[in-house]
Amino acid sequence: MMAAVGAPEVISQLESAAKVLMAPPSMVSTEQRQHAEHIFLSFRKSKSPFAVCKHILETSKVDYVLFQAATAIMEAVVREWILLEKSSIESLRTFLLTYVLQRPNLQKYVREQILLAVAVIVKRGSLDKSINCKSIFHEVSQLISSGNPTVQTLACSILTALLSEFSSSNKTSNIGLSMEFHGSCKRIFQEDDLRQIFMLTVEVLQEFSRRENLNAQMSCVFQRYLALANQVLSWNFLPPNLGRHYIAMFEATQNVMLKPTESWRETLLDHRVMDLFFTVHRKIREDSDMAQDSLQCLAQLASMHGPVFPDENAQVTYLAHLVEGLLNMINGIEIEDSEAVGISNIISNLISTFPRSVLTALPNELFASFINCLTLLTCSFGRSAALEEVLDKDDMVYMEAYDKLLESWLTLVQEDEHFPRGCFVQPAVQVFNSYIQCHLAAPDGTRNLTANGVASHEEEEINELQEDDRELFSDQLASIGMLGRIAADHCIPLLTGLLEDRVTRLHGQLQRHQQHLMASADPGTVDRKVLDDLYEDIHWLILVSGYLLADDPQGETPLIPSEVMEYSIKHSTEVDINTTLQLLGSPGEKATSIPGCNRTDSVIRLLSAVLRTSEVESRATRASLTELLSPQMGKDIVWFLRRWAKTYLLVDEKLYGQISMPLSTAFGADTEGAQWIVGYLLEKVINNLSVWSSEPELANDTVELLVTLVEKRERANIVVQCENWWNLAKQFASRSPPLHMLSSTVQRTLMKALVLGGFAHMDSDTKQQYWAEVLHPLQQRFLNLINQENFAQICQEEAVKQEIVATLEALCGIAEATQIDNVSSLFSFLMDFLSSCIGLMEVYRNSPETVNLIIEVFVEVAHKQICYLGETKSMKLYEVCLTLLQVYSKNNLGRKRLDVAAEEDQYQDLLLIMELLTNLLSKEFIDFSDTDEVFRGQEQSSGAGRAVSAADVVLYGVNIVLPLMSQDLLKFPSLCNQYYKLITFICEIFPEKIPQLPEELFKSLMCSLELGMTSMSSEISQLCLEALSPLAEQCAKTQEKDTPLFIATRHFLKLVFDMLVLQKHNTEMTVAAGEALYTLVCLHQAEYSELVETLLSNQRDAVIYQRLADAFNSLTASSTPPTMDRKQKVAFLKSLEEFVANVGGLLCVK
Amino acid sequence: MADADLDFTTGDAGASATYPMQCSALRKNGFVVLKGRPCKIVEMSTSKTGKHGHAKVHMVGIDIFSGKKYEDICPSTHNMDVPNIKRMDYQLIGIQDGYLSLLQDSGEVREDLKMPEGDLGKEIESKFDAGEEILVSVVKSSTIQMSVSIQTLIITVLSAMNEEAAVAIKAMAK
């Protein structure tokens, strides 16, 4: 279009379009704007726009038009690369560079765009042997040596443009190059050109650092080169021979560690380079922007590893030099706020990068000063972080730096056997002390004190979404806990002493309040300040104690930390076991009042300090002082007890090389201590559930403690011997206060715990009795209720509804308690309910929340049990799910949902149904059942053929869900994801069922796939593409032509073909799309040839035609004729990549 | 094992208008009396003042008759009034002078419910005239009288008996 009109017309057209785009929104209409945008778009797509663009650049005065001209050149060069004469490319590059040099006053964005075009040309040329772009570095170094700041800045911009063009992978798809192409360019670049850039940069920095004073302009240039150096040192060096997939993954990593190739050895092991960066930092450290860059450069140097080091000696020398430099830099300066994070990055990088053997090979004195410096720095950052918290600063730089350093300590001490014995004890004591000090109130600590010692105490509103400190600060606490173990001799007694003291004070304070309340009836006079200070102290002491004494590993048996075990063993000779047990067993008494309390085991004493806290709390509730207590402290106590119980209760001696006598005597299996503590914990749980029903989080933590007590068979065995346990079960079954006031999640978990307890060891009579107390009432009440004659009339009454809801919640809880060894009895129990539940679906069809809960029961049962069920049982479940779906479908038929714009949770039922179907499907890939092994003895194998299969149920369900899933609903992410997960699962698992679907359903399924492929997120698009191969394979298997599926796949062939060949697509998708395309091509070879023919016949240009034809030929060359064979498929995918890189961009030309 | 104090057979006689319930035991989609009005709870969240404070419950409810929004915040230990809501389904057998004739399960016909006003009323009328079978749900919150929710499996309608206004209660249908 553009070629047809003369250059001046083009310019004036573009300039007026630019005017429209730049005009304020009120001045132009949307149509005008769109039209203007269109003009630029088509201008950029025009063929060989080079002459016009040059003309524009030389004559136009409108910046935006200049910018677009540069963009057009860049896009066209890549698009038409193979058609262009190499010499004209070269002259184009020279033209652009000269253009920029001659116009120092260009707008920044125009200049950057032109330089980007230059960089793209250099990059595209770097793999093309016929063109040499190396001269650019020579030109740049000349610019730098000019001494003119403006020219030097320009030189820096050129280098920066080159660097970003070669470094980042997200630029790749923009110019239609494959990851592999990108990778190769990058590898060549990083070997040579990158180092050249680095050398140039270092020279500039050296030059500048020698100058006494820099004027503003100079300092600006300096800053740019410093940033450039940082970019080079943060280069993500691509290792040789990294596959395409890995490249993408590799490029995505953040916080790149410096791992240069061997060729960088000479450059980076030169001490002068590192010295330069220390010097530079010293010079500019007061400028917070520049200091960030210089510290980041040092941090990158501190992370250096890999083949750049010839041997370990070289590493030691390098590290020693680094540490010396660092200590010189830190010592004797007052650290600026802006330096904290940078310095902590340097330390954290060097500790995590250099192997222990290198660290220990440092000269002793140097290592000692380093550890000493690290200790002081950590304590100081910790104090500053606490100040930041008091001042409620938005930008918590010290907190970030403190976190980093604590993390480094964890790395160091976790492998402390490599270091001289005990070398971390003193530092650990210091860091631990300072942490405790920052978290305790005055006078022992400095909590909430501002720098000048003024206390601030604000009560802010905290909502339920805010994380608890134990999660919010879990990383910090883990490090502090670890340091506490290292220095157990100091830290455990310290914590014990502080906690015992606070508990005594709390006890006294509560007593005073009680007397006060009895004297005057006005509770308003209670000053909570003292209490709150005590609660906050206790809060932190318990958190630290919990993290010190035990870990909380997910899914494995937690062990007593070896340091704690050793500490207990070391002192066991001085310990009097009986006094220890007495101390443990009398939480109501003050520890120090027990004679001989100093000859007790310290680990047990720390636990008993928490038990004392718990006892004070329980007594206060009995004295009706609950109002004065802190629910947060209540949470801390049960959280601690749970963590402790998992590790210490019924300690299994077989798991340890050596065991502490006091610990095994107090908590071992078959000990009175263990029995006593189980009883105590149970009592605590029961008390909490009745007193704290109004505190959802505390009730939740409490009931989780209960689950911990019963989820392990050994512990459950003791629990079920307690009378309290039985009382709890009875009370819950009777659904009376206070337990029925608990929130529904807590009730559910309580039910789960009660069921788990039922699988403890009991004689058969007791067991029968237990179930009679726990499960039968549930069944009985339920049956009594629904079998009442007038149930139909009363079913909508709130009281009845609540009873039903409570039952459904309990059923979910029961399902949650499923384990492999109880699944057989729980399944039978739940099955009886499931059919009744379906009846309730009818009754409560107008009460969505009840319907949702009913479906949820099914979802839970399927989720927890299906993987254990054998064929017969699975079938039963499928059948009952099918009935559920039928009822659901009937009730939803023709139902109009109010407020289409309503919230997501109104579609909860749909989401649940899809979840149910996905759970049922999961049987196909997660199956632990051994043909009804867990049910053996209960039933004879039925032998009859399958009546209902998972596929039937799921497809029936899809039949219901599909018509309800409108495009509007797909806008809700959760519904959309669940839906596509479901339908692509179906295509992958039951491709043979797809052709048998009813016509309408089949159609909407195919529509959904198309929609998902073309207009959803890339994740969903990928899912849909993955679903296509099994469908095409299915067609190939049956060899029937003209089936709807066969026809549909033909349509998909065109879609995928267009997607891969004609549209710009996400490179991540090439594999999924390629696999789909290949199977589709196998199936529809003739149609594929036709598509190719049509595409080729549209090409007017003979050169392009030939190039395309060749590309298509080589695409299928390795797989002719295409067959569904893995080897061929892989070959095809490989050629496809070349194909996309070669002609992908070409075909995008309009 | 059925509890003596759980009696589902008792009719209206003696049923109190409300019964108390601990705030924390209320649940979303349940009912509560806010500012003297029976409401369906549409939002519930908890918060506390200071780290060691006690939980407070924040509730947003929609008046099941007027559709008006009410809010309340109170300590979670607080006892709130829960309205006794009843709901009955009838078949619509006629419309006379703006009143609905409803057939009860027992065979009796009640004619004390006014036709809802607005679009809903018109919709009922046209559906009824077209000969469609219409089910009407009547919602009753003891003293605050009746109201209707209708289902032809398509629409939900409500009307109030003592309070003249007949309104669609979206809150009920959700």
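Which residues do ring pairs link into a cluster?

1. In this predicted model, ring pairs join Trp725(A), Trp726(A), Phe759(A), Tyr770(A) and Trp771(A) into a cluster.

2. Over all chains, the structure holds 32 aromatic pairs. One of them is formed by Phe95(A) and Tyr99(A), a tilted pair with 6.0 Å centre to centre and 35° between the planes. Phe95(A) and Tyr99(A) are about one helical turn apart, because 4 residues separate them in helix α5 (residues 86-102) of chain A. Phe95(A) counts as buried because its relative accessibility is 15%, under the 20% limit. Tyr99(A), at 3% relative accessibility, likewise counts as buried.

3. A further aromatic pair, Phe208(A) with Phe222(A), is stacked, with 5.5 Å centre to centre and 15° between the planes. Phe208(A) belongs to helix α10 (residues 193-210) of chain A and Phe222(A) to helix α11 (residues 216-233) of chain A, so this pair ties together parts that are 14 residues apart in sequence. Phe208(A) and Phe222(A) are both buried.

4. The surface carries a patch of negative charge in which Glu389(A), Asp392(A), Asp394(A), Asp395(A), Glu400(A), Asp403(A), Glu407(A), Glu459(A), Glu460(A) and Asp475(A) gather. The most is given to this negative patch by helix α20 (residues 397-414) of chain A, with 3 residues.

5. Asp403(A), one of the residues in the negative patch, is found in helix α20 of chain A. Asp403(A) counts as partly exposed because its relative accessibility is 32%, a value that falls between the limits of 20% for buried and 50% for exposed.

Conventions:
Residues are numbered from 1 along each chain as its sequence is written. Chains are lettered from A and ligands numbered from 1 in the order in which they are written. This is a predicted model: local features need pLDDT of at least 70, side-chain atom pairs count only at pLDDT 80 or more; totals for chains, interfaces and linings use all residues. Side-chain values use heavy atoms; hydrogens and water are left out. Patches are made of residues with over 30% relative accessible area and no salt bridge: like charges are joined within 9 Å, nonpolar side chains (Val, Leu, Ile, Met, Phe, Trp, Tyr) within 5 Å. Accessible areas come from the Shrake-Rupley method with a 1.4 Å probe; for residues, only the protein chains shown count as cover. A salt bridge is a side-chain nitrogen of Lys or Arg within 4 Å of a carboxyl oxygen of Asp or Glu. Lys and Arg count as positive and Asp and Glu as negative; His and the chain ends are not counted. The place of a charge is taken as NZ of Lys, CZ of Arg, CG of Asp or CD of Glu. Helices (H or I, at least four residues) and strands (E, at least two) are DSSP runs, numbered from the N terminus. Buried means under 20% relative accessible area, exposed over 50%, partly exposed in between (1.4 Å probe, protein chains only). Rings of Phe, Tyr and Trp (its six-membered ring) pair if their centres lie within 6.5 Å; planes under 30 degrees apart count as stacked, over 60 as edge-to-face and the rest as tilted.
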